[in-house]
Structures are given as structure tokens and as C-alpha cells.
Amino acid sequence: MNTMRINIEGMMARLTDAEAFELIDQPQDRLLARAAAMRDDGHGRLISYSRKVFIPLTQLCRDVCHYCTFAKAPRKLGAAYLSPKEVLAIARAGKAAGCKEALFTLGDKPELRYAAARKALDELGYASTIDYLRAMADLVLKETGLLPHLNPGVMSADEIASLRPVSVSMGIMLESVSPRLGARGQCHHGSPDKDPDIRLATIDEAGRQKVPFTSGILIGIGETRLERIESLLALRELHDRHGHLQEIIIQNFRAKPGTRMADAPEPDLADLQWTIAVARLIFGPAMSIQAPPNLSASGAEALVAAGINDWGGVSPVTPDHVNPEAPWPHLDDLAKDTASCGKLLVERLGIYPQFALDGRKWLDTGLKTAVLDHIDADGLARTDSWSPGAADQELPEIPATPGFVCDGQVERILQKADTGDGLNLREITRLLAARDGEVALIAQAADELRQRICGDRVSYVVTRNINYTNICYFKCRFCAFSKGKMSENLRGRPYNLDLDTITQRARDAWDRGAVEVCLQGGIHPDYTGQTYLDILGAIKSELPDMHVHAFSPLEIHQGAETLGISIAEFLSRLIEAGLGSLPGTAAEILDDDVRAELCPDKINTAEWFEVVDTAHRLGLKTTATIMFGHIDRPHHWARHLTRLRAQQQKTGGFTELVPLPFVHMESPIYLKGGSRRGPTWRETLLLHAVARLALHPFIPNIQTSWVKLGPDGVAACLKAGANDLGGTLMDESITRSAGAEHGQEMTPEAMETLLEELGRPSWQRTTLYGEAAAERREASFA
């Protein structure tokens, strides 16, 4: 053995080409250990797969690879190509089984070899196999919503360009860069499309055209280990150039009866493990390294130990047409096997998360909405149809895999949160990204903390929302409430309430037992700070005992600016006029990377906190909000929570946090294909639970929004750390404008009935969490 010149144990930096070749001489156990650690550094506990349906568009091929049973001569096929009807039947069966990927696999340019292929294409009305593939991918996409992944073999630049609008990803196995394999007596002899230079040119062109791409190597077909490393380095060079390779597949040769290589030896498990580990060490922590689970009889443990993080596509409907002798594992069994390795099985799309989350770069414009509809905040597959605001939907079950064992890291974070020591950004992000059985553990920890801090009583406030205008000159991309002055698009006409109407609505609320009115609206171009003072004065002169919870930090900022005074001076005038507290809205996500895209002309994070900080220092309490599930990610939520906590530690002025899941249905950013369709149920539950844990002990109250979540959703959140149901509202309009269907009011009777069914006592509170007066409670039930 050669003297080692690289330190495997300490290796995290990128290997040079020369260092990669030295891996040949390294002890296998050390290679595997380092590869597994590197995989964990990049992917944590997650092992992904894609739920796919396999569509073999044609099994004709002009190549004659000596290990292949997929390609067949025309005489052995009933038809040269699947018909459109057959393609749709397969796709629809996959859709019904929960598949999201339509994998089109086919032989390479059969019309260049077979007259039968040319005749069939003429009858179908297409000039080439690629043209027919394009039409069938488009048909499946439009008719079923499945997202096509295309494996048509070698492609020209024009062919790649023609397929990009109908596919979320493409692929071609490099197999090997060894030209020896094309010589007489070798596996690729007589297969012109297996020329390594031609295949590398296809992969390179796909990168140039920003196509998320899959490639890999086939081991055991006559190549040496040195040539495997050369092949992996060739792929790495192309990925360095374009950044387009989603995954590297390490596929082991399987000898098949009836082929020239039927008696060739198959690579053993140790050889497969060695190649997986070397691929991981060459490509580093971030790359997805895949090994098909159906091609290794030894099971999952050995492949996971070697450094994979992906199982590839697994179909609950169709066989592996390339390896028909090797059936797919049942997904439940695959989940259990993955759990037995200490990992979590997660579903992805045919396009990997990092590419799905950057659709502007990697997807054709016509595909961005379809992909966004299918992903969660991590870019993985959205596995339920639940959306905030929609009525008549059951809460999805958050599955827990049998054999699941909680990550020790999660347990340590939960213990730290319980003590109130303050979770750091990385710890909060880890909890927000929890899956599988982790979610129930986090919800339980949050609920136990809630019980200890707040008891079992659930509070609510009798209030009325008065949105005095929906005319706004700001252009928040998510907002379905605000209108331009002459606009009648989206929901409702533009309006601007006069003072008499505002005062009358406040009087009606008082008569119905309200202890507060919540005032917010669009930023009308004619409004100044004096407008807000006039609104406040009109209400307080009529109803001096009514608590006025009014004016977002955006309105405060704009009001001060229009009067040419400081924020402190404007707030002081409002307090003098009777302002009781500020709603902490206009926060959305307190991260300027998100705000630059979501609400670019709105106040930035520092300006929002300037208003809140000033208010707190003047003795004015505020709420805090987070509006999540659109273009944001868990690390943005974590930053938001830590920034709120830091502010609370300085000034102590937040009364509660109100998580507001994004309602997508009528939101402009969603309708224009720019956002996800709200958070998943798992993400929604976690945000409430993690907020309780991350903000402890500084912000004691976590509210859950019945307007966004409905009765079943708030009931679940009340078992996951929340302790407040918010307001009865009487006239909610902002969330309804976005498409929510849970109504504009929940009466005190309805709230207390809901809580009684949960076995939780209720209490009517004031805005600042005091007990509502008996007279107010009596009026609210009258």
C-alpha cells in the first residue's frame, strides 16, 4: 500500500484530482466512515426518494449494450411506441397512487436504426422520437399534473431546448469515460451513443441551458477503479462549470439472462460501497449520492453506511423496466429500513430541493407554478393537500415511521428550551425542519411548557376589526386586500370609510361586549399622520373606555414621515390621544432577503424594529406576528423568532406572538406563480410549537388564528404550545380577501364551546391580558 498523503479522518475540504486518485489506496473502513460523516454534514438525517411512475415510451434503441434487456428489436414488441392513450393510462395510475414524477425512459434515437420506428413516428405525426417525447411529456403534465423527468439519451442543444419547457429535470448516465469499453468484445461495442465524449457533451450542454440534470456511473462493466475515479472527476468538472448536477447515481451492474454479459461477475457489496464512498468524498457534503435500493439484496444499512443520501425513484405502480428482475421495495418497508439506519425517509420531486427553490434559474417559466405547488419550505415534496384558509378539509396526519428513533440532537435542544437558556439560530432551524416522529415530540414538549407557564386556561378577546380603507399605494406582492384607487380586481371594490362609519362600527362593537377595536388599513395616498390622530380622536371621544389597538409599524412610520416628525414624537401624540397598543403586523418575515422580494417598498426589518422599540420605550405594548409559508424558508423563520426574542429581552413590550400562515388562494404573488400555496400542516404546527420553545421565557403567549386554521387547526395548535385564540373579530376582511373560508367572526359562544370540547377552560381577556370585566363578558353573550 502506498504511503498515505491525505488525512481521511480530518478531510472536509474539496479534494484535488490528485488526492482523489489517492483514495484507491485508502482503507475501506476509513473511507466509509468519512463518507458517512460528510453525508451527515450535508444532509443530516434525511434520505430522500421520488415517488414516480415509469413510462417506457419506446424500448427500441439504436445501441446494443451487451448488458441490457430494456432495448428490444421491433419483432419482440407489439408496437414501436406507447400510444398517447397508453401513456396517459400509466400516468393516471401513478397519479392515483400518489406519484409526483413521471419518469420517461426510452431507447436512444431508434428511428436511425429501425424502419419500424420511422414508420410508427410517421403514423403518429412526429418527425423524431424526441418530438414525440416532447408531446407526451406535455400531455402528461397538462392532463395529470405529474412532473416529467426525461431520460432520452444523447441530445443536441436544440433537442435539450425543445424538452426544457415540458420537464423539470433530465438525465443521462455517463456510465464511464473509458474508451476501452467501446472496443470489440467490450460492453459498449456497437453502441455509438455510449461514446464518452458525446455523453459528456450532452451533460455539458444541459448545464449551459440550466437544466437540472441527473448522471452517474455504472460499475462492474469492465472498468477499473481508476477509471471510475476518472469518470467521477469528469462529472465534477462539468458540475463545477454549471452547477446543474442534482445527483450522482452509483449503479451496480446486474447480469441478465439472454445478454452477452449474462455470465459476467457482478460487483460485490464491498465494491459498491467503495464506489459510493469515493463519489461522496469527491463531490463533497452537498451533492446527492444515490444508489438504487432494488439492486442491492443486502438491504439499506450497507448503502447508508457508505454515504448515500438518496434512494432514487421508487414506483408503487410500475416495475423497473431497466432491471425487471429487481422489484422496487415497498415504500413502508423502505421507510422502516431507513429508520433502522437512524435516518428519515423523505419524499422529493424529480427536481431536487435546491433547484426547485431556485426555479427562476432552473425552470422554464411555465413550470414554476407546478413545482411550487408541489413543494414545502425545504423544497421537498408536499405530501398533503391541506392549505391555510380552506374550509371542509381534514387535518392531515403527520406520519411516524415504525421503528423511528428520535435524534439525540433534537432531545438535547428540547431540554435546553425547557430551561429557558435561549436556543440559537441553528437549534431553532433544526426544530422547524423536524419531520416524522420528531414533530410529535416537539409538539408535546411545547405543550408541556405551555401548561407549566400558562396553565390550561385558553384566553380570547372580544374585539372588532375595523379596516378603514383597502386603498394602498404600497405594492406588497402577497396582499389581496389592498387595491389601487381605481381598482376593482381581486376581491371587493376600493373603499375609504369616513369617521362617522368608523365610530359607528366601534359603538356597535362596544354594545356587543368588545373590550377593543383593532384598526388597520391600507396606506391611502391621501392619509397623513393627522388622519390616524383624527380616527383615534373620533373613537375615544365617543367611547373613552374602549381600548384602541391600532396602526401597524408601517402606518406609524408613514404617519410620522408625512408630518415631518420623529417616530417617538408621533407615537407620543397618539398615546396622548388615547392609543392603547400597537398591532405588530407588517412584520411578514423579519428578514430583508425575503422582504426584498415579498414587499420591496415596505419598511425594512430595522425600520419595523425601530417603531416597535420606540413604542415599547414609551410604555406602549405591541403584539408580534409572523406571516409564513410563501417564499420563505425555515432559517428565515428562525431569524424572525430570534430577532423578536432579542427585542423582548431589551424592552419587554410584546404581549404575544401571532403566527399567521400564508393564505394563497387570491394572493397576487401566488396567482402570478411566485409563491408556494401556504405552509404545510406540519410546518404550521411546528411554527406554533417552536415559537413557544424558542421565545420562552420572554414572550409567554402564543396565539393561534381561527381565521387561518379553522376550528380543527386551532384545536391542534392548542395542544402544541398555543394558549390564546385571538379575537372574535366580528368583521374580519383581510384574510377573507386572500381566499380564506372560515368566516368573519367566531362568537364567544362558539369559542367557549370549542374549548369545552377540548377539555380546556376559557377566559375572556383584555388586550393586555387582564381579565375582562364581568359587565363586558355579560354584554358579549347578550
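Predicted model: local features only at pLDDT ≥ 70, side-chain atom pairs only at ≥ 80, totals over all residues.
Okay, a definition to start: two strands count as paired if DSSP finds at least two bridges between them. Keep that in mind for leucine 582, whose bridge partner in β15 is threonine 622.

Strand β14, residues 579-582, and strand β15, residues 621-628, pair in the parallel sense over 2 bridges. They are part of an open sheet of 6 strands, and the order is β11-β12-β13-β14-β15-β16, with parallel pairing. Which strands stand at the edges? Those are β11, residues 463-467, and β16, residues 654-661; each has a single partner strand, so one side of each has no neighbour in the sheet. On average, neighbouring strands here are turned by 25° against each other, ignoring direction. There's also a helix packed on this sheet: α18, residues 499-511, touches β11 and β12, and its direction makes about 170° with that of β11.

Now for the other sheet. This one is open too, with 3 strands in the order β17-β10-β18, again with parallel pairing. At the edges we have β17 (724-727) and β18 (762-764), and since each has a single partner strand, one side of each is left without a neighbour in the sheet. The twist from one strand to the next averages 15°. Strand β10, residues 458-461, pairs with β18 in the parallel sense over 3 bridges, and serine 459 stands opposite tryptophan 763 in β18. Lying across β10 and β18 is helix α30, residues 774-781, which runs at about 105° to β18.

Let me stop at one residue, threonine 728. Where is it? Threonine 728 sits in the loop between β17 and α28. Buried or exposed? Buried: its relative accessible area is 0%, and the cut-off for buried is under 20%. The chain comes back on itself here, if you like: threonine 728 and valine 462 are 266 residues apart along the chain, yet their C-alpha atoms are separated by 5.2 Å. The side chain of threonine 728 also reaches the backbone nitrogen of threonine 463, at 3.2 Å. Leaving aside neighbours within four places in sequence, its contacts include Tyr460, Val461, Trp706, Met746 and Pro748.

On to helices. Take α23, residues 605-617. With 13 residues at 1.5 Å a residue, α23 should span 18 Å, and its end C-alpha atoms are 18 Å apart, which agrees. Asparagine 604 caps the N-terminal end, with a side-chain oxygen 3.1 Å from the backbone nitrogen of alanine 606. Just after the helix, glycine 619 takes a positive phi of about 90°. Several α23 residues are buried, among them Trp608, Phe609, Val611 and Val612.

Last stop, a helix pair. The axes of α15 (residues 408-419) and α16 (residues 425-432) come within 10 Å and cross at roughly 115°, and the crossing is left-handed. On the α15 side the contact is made by Gln409, Val410, Ile413, Leu414 and Lys416, and on the α16 side by Glu427, Arg430 and Leu431. How about arginine 430: buried or exposed? With a relative accessible area of 16%, arginine 430 is buried. Not counting residues up to four places away in sequence, arginine 430 touches Arg45, Asp407, Gln409, Val410, Ile413 and Glu438.

That's my tour, thanks.

Notes
Residues numbered from 1 in each chain as written. Heavy atoms only, no water. Helix = DSSP H or I, 4+ residues; strand = E, 2+ residues; numbered from the N terminus. Expected span 1.5 Å × (residues − 1). Buried < 20%, exposed > 50% of the residue type's maximum accessible area, 1.4 Å probe, protein only. Polar contact = N/O pair within 3.5 Å; in protein donor to acceptor, adjacent residues only side chain to side chain. Axes fitted to C-alpha atoms, helices over the stretch in contact; angles between N-to-C directions. Contact = heavy atoms within 4.5 Å. Left-handed = near helix turned anticlockwise from the far one by under 90°.
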